[in-house]
Amino acid sequence: NCKMPIVKAKSEENIIAANLLVDNGKLASSIHCLYYSCFQLSKYVLAHYEGFSYDIQDRETKSVDSHFYISSHISDKLSQKNRFYGIDYNTYHSTLKMLRKRADYSNEEITERDVARAKDNAEKLNKLLTEKYGIL
């Protein structure tokens, strides 16, 4: 079966959606998509490379924040490879999370600079995961 795993496909779809949204002036929504692209790729890595199946992830996040669970597990696993990978992941993730919260919940306008920052951090986070896990 050479079909791309669903969660990885969703991650890639969110990058495409973010670009379409930016092209159509929907800046806040684009940040939401960029954040979720990274969240989905992180879930994919845990499931396919670190032995945390989607069922395990679902079960273990019933009573805890799933976003914290996913990001902290990925950060720990990357730090085991090289502590700087974990630090980089946390930097990119926390910037994206802050921008997503502003985009989704605040009464502030989202600027093109905010989007550029979100895009930069999303690209770096996804590249970090792709390179360190050898994802094709």
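Helices here are DSSP runs of H or I with at least four residues, strands are runs of E with at least two, and both are numbered from the N terminus. With that in hand, welcome to the tour. The model is predicted, so to speak of local features pLDDT must be at least 70, side-chain atom pairs count only at pLDDT 80 or more, and totals for chains, interfaces and linings use all residues. Residues are numbered from 1 along each chain as its sequence is written, and side-chain values use heavy atoms, with hydrogens and water left out.

**The whole chain**

Start with everything shown as a cartoon. You will find six helices and zero strands, in the order α-α-α-α-α-α from the N terminus. The C-alpha trace spans about 40 × 35 × 30 Å along its principal axes. For 136 residues, a compact globule would have a radius of gyration near 14 Å, and the 15 Å of this protein agrees with that. That radius is taken over C-alpha atoms, and the globule rule is 2.2 Å times the number of residues to the power 0.38.

Now colour by accessibility. Buried residues make up 40% of the 136; buried means under 20% relative accessible area, exposed over 50%, and partly exposed in between, with a 1.4 Å probe and protein chains only. As for contacts (heavy atoms within 4.5 Å), take those between residues at least 6 apart in sequence: 66% of them join residues at least 24 apart.

**Stop one: Tyr69**

Select Tyr69, which sits in helix α4, residues 66-81. Is Tyr69 buried or exposed? Tyr69 counts as buried because its relative accessibility is 6%. Show its side chain together with that of Glu60, and you will see a polar contact between them at 2.5 Å. A polar contact is a pair of N or O atoms within 3.5 Å; within protein, one must be able to donate a hydrogen and the other to accept it, and residues adjacent in sequence count only if both atoms are side-chain atoms. Setting aside neighbours within four places in sequence, Tyr69 also touches residues including Phe52, Ile56 and Val64.

**Stop two: helix α2**

Next, select residues 27-49, helix α2, and pick out Ser30. Ser30 is buried because its relative accessible area is 0%. Beyond four places in sequence, the contacts of Ser30 are Ala18, Leu21, Val22 and Val115.

Leu46 also lies in α2, and it is buried at 0% relative accessibility. Which residues does Leu46 touch, not counting those up to four places away in sequence? They are Gly51, Phe52, Gln57, Ile70, His73 and Ile74. For a distance to check, take the C-alpha atoms of Leu46 and Ser71: 25 residues apart along the chain, they are separated by 9.9 Å.

**Stop three: α5 against α6**

Finally, select residues 83-105 (α5) and 112-132 (α6), whose axes come within 9 Å and cross at roughly 145°. Axes are lines fitted to C-alpha atoms, for helices over the stretch in contact, and angles run from 0 to 180 degrees between N-to-C directions. Among the residues that meet here are Tyr85, Tyr92 and Leu99 in α5 and Ala118, Leu125 and Lys132 in α6.

End on Asn121, in helix α6. Asn121 is buried, with a relative accessible area of 8%. Its side chain reaches the backbone oxygen of Arg117 at 2.9 Å. Leaving out neighbours within four places in sequence, Asn121 is in contact with Thr91, Tyr92, Thr95 and Leu96.
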